[in-house]
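Hi everyone, thanks for making time this morning. I'd like to walk you through the charged pairs in this one. Let me put it on the screen.

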Amino acid sequence: DEGWEFSHWEGDLVGEENPVTVDMKSGIETTLVFVKKEFTVEVTASDGGQVNVSPNKEIYTYGEQVTFEATSDEGYVFLGWSGTLSSSEMEVTVTVEENVEILAEFSTIEDALVFSRTGGVYINGRVHSASLSLRNRLPEQFTLEKFELLNSNENTLTTAEDDHIVESGESIGYTVSFGIQPTESAFSEYIVKWHVIYKGEEYLKQVKVGSSGSESIQELDNIDENSKHFNTLRING
């Protein structure tokens with residue numbers, strides 16, 4: 001049956017060989033012994049938190065239930081489970097039917113706000129417009145109080161104060177256009193500041209435009225479909 005496997009023979013016939021050939025010149029009495037399948041559970045936690053496993057043991061049998069509870073350290077949030085288990089709930093219960101390997105991912109609040117350049121118009125090495133976005137990987141919504149773009153001398157070029165609510169999994173973005181177009185190398189040194197309120201606390205996500213991570217620059221008409229807002233800001237100077 002499902003969840004069971006052959007273990008061994010008992011009686012006149014002994015051993016773990018299966019199948020086995022028997023000389024039937026005389027009758028035999030034997031018993032087939034089946035046992036529940038056994039599995040392992042491996043849990044890894046990233047920096048910033050711990051996982052409690054209940055029950056916690058080396059071997060689990062088919063059909064056993066195991067509960068995982070994630071606890072984040074101060075200044076960190078729990079982002080979710082990956083691997084055999086995919087969920088954002090801090091406490092989950094799994095019925096073991098195979099070997100289980102899961103990762104509990106934790107993050108600082110600032111690192112869970114993911115910046116990227118999601119579009120732009122670049123002509124002859126100069127930036128005519130660029131789209132900058134912030135994705136919310138936090139488990140709950142945040143409010144974007146203020147957006148700022150500064151040049152490399154930290155002079156403010158443009159700001160927006162909109163009090164946008166950004167749900168978990170969504171993005172918010174601004175397309176900035178330039179009257180006097182900076183070079184791409186100069187623009188990469190510009191600074192973006194996102195002033196965020198999360199659970200009543202204020203946070204600042206500050207990055208260089210050039211540090212857009214692994215999310216590559218795309219064409220302007222290929223902006224992230226999950227962006228809730230994408231407003232245009234004009235910089236004349």
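Let's start with arginine 137, which counts as partly exposed at 31% relative accessibility; buried means under 20% relative accessible area, exposed over 50%, and partly exposed in between, with a 1.4 Å probe and protein chains only. Before I go on: this is a predicted model, where local features need pLDDT of at least 70, side-chain atom pairs count only at pLDDT 80 or more, and totals for chains, interfaces and linings use all residues. Residues are numbered from 1 along each chain as its sequence is written, and side-chain values use heavy atoms, with hydrogens and water left out.

So which residue pairs with arginine 137? Glutamate 105 does, in a salt bridge whose closest N and O atoms are 3.3 Å apart; the term means a side-chain nitrogen of Lys or Arg within 4 Å of a carboxyl oxygen of Asp or Glu. This pair links distant parts of the chain, 32 residues apart: glutamate 105 sits in strand β10 (residues 100-108), and arginine 137 in the loop between β12 (126-136) and β13 (142-150). Strands here are DSSP runs of E, at least two residues, and helices are runs of H or I, at least four, numbered from the N terminus. Glutamate 105 is partly exposed too, at 28%.

How many salt bridges does a search of the whole structure find? Four. Another one joins lysine 208 and glutamate 189, at 2.8 Å from N to O.

Last, glutamate 64 bridges to lysine 57, with the closest N and O atoms 2.8 Å apart. Here glutamate 64 is buried, at 18%, whereas lysine 57 is partly exposed, at 37%.
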